[in-house]
Amino acid sequence: YERLREDIGAGRYEPDTKLRIEELCKTYKIGASPMREALSRLAEGNFVISEPQRGYWVAPISLAEYQDLINQRLNLETSALVDSIEHGDVEWEATVVAAYHRLARAHAQLADGTPDSFTAWAREDRAVHLATIANCSSPWLKRFCHLILNQLARYHRQRYLSGVAPGDQTDQEHARFMRAVVERDAEKAATLLKKHVRAVARRLATDHLPASP
């Protein structure tokens, strides 16, 4: 499940691609029953769609869904972040700082211009945001944030493949955001997170997406 979800997010399987169980079993070296179970779980998270008697497809993407995901991320991740900062401790802070350090190193590698460098950067970007909300007291809130970030990864990957890569502005936004988090300034961190998320959405220029699935 995890490997297939990551591969969908990384663009190995394009939106609307037919997922053939026999081929997937060979690729992931696993039996048909656990593969069907993984696909069913992915369908529950809207990474995959299924049709009785017809099989599974990678879920489509659309401008309407992207905008919805951005709006919900702004609502949910901001709340999780504030709660996490309020419950933060030294171990949490160390984890956040380490995650940001890995992201900064991955950003420096983006100059290579390869899909692998972006995959590494995207992985560390997600890790930073998950680290900042790790001390949130609501497991459900964190779970929803995880799901939204995983879904957004599909859209961001599509834009990278179209030639839109994270630039210095994204790097600077992350740096300011992380300073506020480490300083335990929840209000400032929440404001910077919202600005960052909105700015990324603008830079992605998602007018290439279909209006609806």
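Axes here are lines fitted to C-alpha atoms, for helices over the stretch in contact, and angles run from 0 to 180 degrees between N-to-C directions. Keep that handy for the exercises below, which all work on a predicted model.

**Exercise 1. At what angle do α2 and α3 pack, and is that parallel or perpendicular?**

Step 1. Start with the geometry: helix α2 (residues 21-28) meets α3 at an angle of about 105 degrees, and their axes are 10 Å apart.

Step 2. Now sort the angle. The band from 65 to 115 degrees counts as roughly perpendicular, so α2 is roughly perpendicular to α3.

Step 3. Look at who does the touching. α2 brings Ile21, Leu24, Cys25 and Tyr28, while α3 brings Ala32, Met35, Arg36 and Leu39.

Step 4. Sort those residues by class: the contact of α2 with α3 has seven nonpolar, no polar and one charged.

**Exercise 2. Describe how α1 packs on α3, and say which residues make the contact.**

Step 1. Helix α1 (residues 2-9) and helix α3 (residues 32-44) have axes 9 Å apart and an angle of about 50 degrees between them.

Step 2. That angle makes α1 oblique to α3.

Step 3. For the handedness, α1 passes α3 in a right-handed crossing.

Step 4. On the α1 side the contact uses Leu4, Arg5 and Ile8, and on the α3 side Met35, Leu39 and Leu42. By class, that gives five nonpolar, no polar and one charged residues.

Step 5. Check burial along α1. Leu4, Arg5, Asp7, Ile8 and Gly9 are its buried residues. Just after α1, Gly11 has a positive phi of about 90 degrees.

**Exercise 3. Where is Arg154, is it buried or exposed, and what does it touch?**

Step 1. Find Arg154 on the chain: it sits in helix α7.

Step 2. Arg154 has a relative accessible area of 4%. Buried means under 20%, so Arg154 is buried.

Step 3. List its partners, skipping residues up to four places away in sequence. Arg154 touches Ile8, Gly9, Pro15, Asn46, Val58, Ala59, Pro60, Ile61 and Glu65.

Step 4. Arg154 and Tyr13 are 141 residues apart along the chain, and their C-alpha atoms are separated by 9.9 Å.

**Exercise 4. Which loops hold Asp16 and Lys29, and what phi does each have?**

Step 1. Asp16 is in the loop between α1 and β1 (18-19). It isn't a glycine, yet its phi is positive, about 75 degrees.

Step 2. Lys29 is in the loop between α2 and α3. It isn't a glycine either, and its phi is positive at about 55 degrees.

Step 3. Check accessibility for Lys29: its relative accessible area is 73%, so Lys29 is exposed.

**Exercise 5. How many residues does α9 have, how far does it reach, and which of its residues are buried?**

Step 1. Helix α9 (residues 186-204) has 19 residues.

Step 2. From first C-alpha to last, α9 reaches 27 Å, close to the 27 Å expected at 1.5 Å a residue.

Step 3. Read off the burial: Ala186, Ala189, Ala190, Leu192, Leu193, His196, Val197, Ala199, Val200, Ala201 and Leu204 are buried in α9.

Technical notes: Residues are numbered from 1 along each chain as its sequence is written. This is a predicted model: local features need pLDDT of at least 70, side-chain atom pairs count only at pLDDT 80 or more; totals for chains, interfaces and linings use all residues. Side-chain values use heavy atoms; hydrogens and water are left out. Helices (H or I, at least four residues) and strands (E, at least two) are DSSP runs, numbered from the N terminus. The expected span of a helix is 1.5 Å times one less than its number of residues. Buried means under 20% relative accessible area, exposed over 50%, partly exposed in between (1.4 Å probe, protein chains only). Angles under 35 degrees count as roughly parallel, over 145 as roughly antiparallel, 65 to 115 as roughly perpendicular and the rest as oblique. A crossing is left-handed if the near helix is turned anticlockwise from the far one by less than a right angle, and right-handed if clockwise. Contact means heavy atoms within 4.5 Å. Ala, Val, Leu, Ile, Met, Phe, Trp, Tyr, Cys and Pro count as nonpolar, Asp, Glu, Lys and Arg as charged, and the others, Gly among them, as polar.
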